[in-house]
Amino acid sequence: ADTSGENDALRAQLLEEMNPKRTWLNRFCKSLNYFTIVVASVIAVLEVVGFFYLEMTLLENILCFYLILFCILIIVTETNLFNLRSESKILKLWAPRGLFYAFIGILGLNAITTSV
C-alpha cells in the first residue's frame with residue numbers, strides 16, 4: 001500500500017512539474033507577448049499597403065521595406081519559430097530585445113509622420 005501511495009505522489013508531482021500553475025505575472029507577460037505579435041502584424045500589413053499604394057520617395061520605400069522585414073523578425077522571434085531567440089545574442093536577453101523593439105517603433109512612427 002505504501003508503494004502505490006508513493007507512486008501517486010510522484011505522479012502528482014510529475015504532473016505539477018509538466019503543467020505548472022501560471023501566476024498572474026506569467027499571464028501578464030504572455031499577454032504582452034501576444035500584444036507584441038499583434039502590433040508587429042498590424043504594422044507589417046500597413047507598411048505593405050503603404051509600400052504598394054502610396055507615392056513615396058526611394059528612401060521612404062527602403063525604410064518601409066526594412067520595417068516590413070523587422071516586423072517579420074519580431075513575429076518570428078515572439079512566436080519562437082526557428083529557435084531564433086536562443087541563437088541571437090541581441091534577441092536572447094530581454095533588455096537588448098526591448099531596445100531593438102523600441103528602435104523599430106521609432107522607425108515606424110517616423111514613417112507615419114513622414115507619409116502623413
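A residue is called buried under 20% relative accessible area, exposed over 50%, and partly exposed in between, with a 1.4 Å probe and protein chains only. The structure described here is a predicted model, in which local features need pLDDT of at least 70 and side-chain atom pairs count only at pLDDT 80 or more, while totals for chains, interfaces and linings use all residues. Residues are numbered from 1 along each chain as its sequence is written, and side-chain values use heavy atoms, with hydrogens and water left out.

The protein chain contains six helices and zero strands, where helices (H or I, at least four residues) and strands (E, at least two) are DSSP runs numbered from the N terminus. The order of elements from the N terminus is α-α-α-α-α-α. The radius of gyration of the protein chain is 21 Å, well over the 13 Å that the globule rule gives for 116 residues, so the chain is more spread out than a compact globule. The radius of gyration is taken over C-alpha atoms, and the globule rule is 2.2 Å times the number of residues to the power 0.38. Along the principal axes, the C-alpha atoms fill a box of roughly 80 × 25 × 20 Å.

Of the 116 residues in the protein chain, 21% are buried. The chain exposes about 9,100 Å², and carbon and sulfur atoms supply 70% of this area. Accessible areas come from the Shrake-Rupley method with a 1.4 Å probe; for residues, only the protein chains shown count as cover. Among contacts (heavy atoms within 4.5 Å) with a separation of 6 or more, 55% are between residues 24 or more positions apart.

The chain carries 9 positive and 10 negative charges, whose mean positions are 3 Å apart. Lys and Arg count as positive and Asp and Glu as negative, while His and the chain ends are not counted. Each charge is placed at NZ of Lys, CZ of Arg, CG of Asp or CD of Glu.

A salt bridge is defined as a side-chain nitrogen of Lys or Arg within 4 Å of a carboxyl oxygen of Asp or Glu, and the count by this rule is three. One of them joins Asp8 and Arg11, at 3.4 Å from N to O. Both residues lie in helix α1 (residues 2-18), three residues apart, which is about one turn of the helix. Asp8 is partly exposed, at 46% relative accessible area.

Glu78, Arg85 and Arg97 are linked in a network of salt bridges. Arg85 meets Glu78 at 3.6 Å from N to O. Arg85 is partly exposed at 22% relative accessibility, whereas Glu78 is buried at 9%. The closest N and O atoms of Arg97 and Glu78 are 3.8 Å apart. This pair links distant parts of the chain, with Arg97 in helix α6 (residues 94-115) and Glu78 in helix α3 (residues 58-78), 19 residues apart. Arg97 and Glu78 are both buried.

Thr77 also lies in helix α3 and is buried, with a relative accessible area of 0%. Beyond residues up to four places away in sequence, Thr77 touches Arg85, Leu91, Arg97 and Tyr101. Lys92 belongs to helix α5 (residues 89-92) and is partly exposed, at 48% relative accessible area. Apart from neighbours within four places in sequence, Lys92 contacts Arg85, Ser86 and Arg97. Lys92 and Thr77 are 15 residues apart along the chain, and their C-alpha atoms are separated by 9.5 Å.
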